[in-house]
Structures are given as structure tokens and as C-alpha cells.
Amino acid sequence: MSANITEIAFQSTQINGMNVHILPTGKFKTTTIVTMIEQALSEETVTKTALLAMVMKRASARFPETKLLRAHLDFLYGAIFDVDVTKKGERQILQIYMEVPNEKYLSQDDSLLDQAIQFVGDMLTKPYVENGAFLEKYVTQEKETLRKRVESLIDDKMKYANQRVTEEMCQGEPFSLLIQGRVKDLPAITGQELYQYFKEITTSNPINIFVVGDVNPQEVGQAIQKHVPLERSEVQALDISNSSKQVSDERKVIDRLDVNQAKLNIGCRTHITYKDDDYPALLLYNGVLGGFPHSKLFVNVREKESLAYYAVSRLESHKGIMMIMSGIDVNKYERAVEIIKQQMDSMRQGNISEEEMSQTRATLSNQFRELLDSARGMIEFTYNGLVSGRKRQLDELLKGIETATIEDVKKVAAKVDIDTIYLLRDKKGEA
């Protein structure tokens, strides 16, 4: 297998009602297996999905105790295993991650790939249940862990501010939900209900399995056929609405906590998502505005005006949202908002230099080319295409970044609306 990859080209097929994507490459000394189970983000299921991920990684029918499960991972030459949840637009994704050494680099001829796929298959088809329910001990323990995780969000003021501005600007939209769910849902979830939910999503929800490594695609397919025998005759396409809300008025929200450094977060609607033709221009817009150390927010808000300890912007490309995040002295709040708005206005007027464009193009291109050096990065890139409904080639995206003009970025800037200005400040002084 050639170690040189210039494009991300998975071989895709359907096995047992699941979408299987295999990328044979000799570039890595490990084999990475990632399983994605999609769920529509909703109040009814967000907490169950987060709790399920935590319970799933505790045990399986073959390894009913967590210590046995971990011992088997050690037996597989220190295999890496995790189950977690993530959010893409209005979707909640339950991810099963597995990484094992490639047996070609081991002195013993162990069938590690087959054993790794069997291990993942156990998670999907042979969970540890008693009397039709997940073990109550594990459910109770993981409820408590999840409760602490959700409640500890307030201890990380940067993440807390980002979640609060998301809740405020996306009121009534599934995207407002915290990916770990809601504490108030936990008491009612039983081991039996959680197992029924597990059967429901593994039977009916979209599942994508990605395998990257120095592998034989036919052997991988046969192992998945054997070890992941899910019966999936009624797979449902999820009803996902990523409609972009129109902004009528800017909202201002102030929260007060015991903080030394205030957090100023501004939530914006870009009205552009990953599948749109002007997505490459949006990447450039975000890069010039606040994505990098050479960006306008960093140079003007932090460096020239000394208004912020940090000032950055980040995209959520499946929802069409951009978050501007900064840490400020609270007495500089009004001035910081003013200068941030000036940078956005400047971009609407097309005040973007060729140097800003070339620096941003180069940095973005390097970021995307670095995906070729990461199995997980290539999986993520491909999955973004599947979720969005537009399977972009890497070369296509790089060309879009290279050819987008200042005028294209100006057109993007005209679409971006400030939705909510959120300030997390101390309890002193005036409101």
C-alpha cells in the first residue's frame, strides 16, 4: 500500500444495513475504527443518548465487568477505546472509537483487526444486560458521573459562556441543547428503558462505520458481516431541520457570577452551511475575521486596543452559526463590542487586504492538508460530507479556498447577522 495520500477516498458499501467506509493506506501503524450512530437532537433523547454512551463503554456480554473489558484492551496491545457523543448541527452523534496496532508491525501473527471489529461488534450487538435491562449498578453510577459533568460546566467559564449564548440565541431550536443532556431527565431513566432505546437506535438509526489503516477491504467487510450482525430492515432517515432563523433584532444578555475575567461572546447567524457553494468563502471570512493570530479580531481588539485577553471566532458549519469569543475587563465591555462590530462592518465594506487573504488561504490550506496525516481527521472530513448531503473532495475544497476572491468574502460578510451579545460578568457594579 502506498503511504502517499493526496485525496481522501474511502471505498463505501452497505453491510447489514450499515454504511461501511474503508480507506486502505500504509501511512499508519495502527488501524482506526470509528462507528457513528446518528440521532436527531431533541429534548426527548439528548440525555438518553449521552447516558447510553457512558453505559456502553462499561461492559459487554463477553466482558461483564469493566476491569475485564479493560484487561482485554491491554491484551489487544493497548488498544484505545472510547464511546462518546458529539453534535453536528441538529444531530447528536454517538461515536464508538477503536484503535489497534496493525498486526504487520508485531512479532506475533495475531488477528488484531478481526478481534478489534469483534470488540466493536460486541458493543453494538452484545451489550451486557440482565432481565432485559442494562445493569442498574452501571446505569446508576453513570447517571451520577453525567450529572457531575453537566453541573461542572459552570466551572469552565469559557465553555459555560459559549453554552449560554447558544441557549439564548437558539431558543426553541434543538441546537440549544447541551450535548451531555439535562440533569432533570436523569432520575426517570431506567436500565430497562435505556436498553430499549439502545435496541431502537441500533436497529433504526443511520449507522456509518469507518476503517482506516493498512487493511484488505474484503477482509474488513467479511469481519463486519460476521461480528456486527445487526438486523436493520427498518432504517429511518432522520427528520432534521437545519433551517436558518432570520434575525430581526440584536439581543443582549448579561449573566452574573463570581468571575475575575468577563466573557464576551457574540453569536452570529451566517446563513451558510457546509453544503453551500459559498462555504469556502465563509472559511476565508472567518479566518480573516477571527480564526487565526493574523486575524482582525486578534490584531485590533487584542493587540492594538488591548481590550481582550483573547478574541477569536469559530464556525459551526452544519448549523450556520459563528461564535465570537473573548475574555475582557468588564469596564471595557462597550468599547469591545464597538470594535468587534467595526471589524465586521469593515469586512462588509470589503476592507480586506491581499496579505490577509493570502495568509488565511495558506493557513486554511495547511490545516486541511494536515487531515491527510490523521486517520481521525480523514474520517471527520468524509463524515461531514455525508451529514451535510454534499460529499466534497479535498481538492475541490482547497481549490474553492484558493480561488475565492475578496468580493466573494464581502458577499459572505453581507449575510452575517449578529443575533445575541452575551456577557458573563462579576456580581459587582451596574447591570
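Which residues line the largest cavity? I looked this up first, taking a cavity as a set of points, on a 1 Å grid over the protein atoms alone, where a 1.4 Å probe fits but cannot get out, with lining residues having an atom within 4 Å of a point. The answer is Val55, Ala59, Tyr128, Phe134, Leu135 and Tyr138, around about 50 Å³ of space, a volume being the space filled by probe spheres set on points joined across faces, edges and corners.

I noted that this is a predicted model, where local features need pLDDT of at least 70, side-chain atom pairs count only at pLDDT 80 or more, and totals for chains, interfaces and linings use all residues. Residues are numbered from 1 along each chain as its sequence is written, and side-chain values use heavy atoms, with hydrogens and water left out.

I then turned to the second largest cavity, which has a volume of about 40 Å³ and whose lining includes Asp84, Arg149 and Gln180.

Next I checked the pockets, a pocket being an open set with protein on both sides within 12 Å along at least five of seven lines. The largest pocket holds about 1400 Å³ of space, and among its 41 lining residues Lys87, Arg314, Leu315, Glu316 and Ser317 lie nearest its centre.

For the second largest pocket I found about 360 Å³ of space, lined by 20 residues, of which Gln163, Glu167, Ser176, Leu178 and Arg182 are the closest to its centre.
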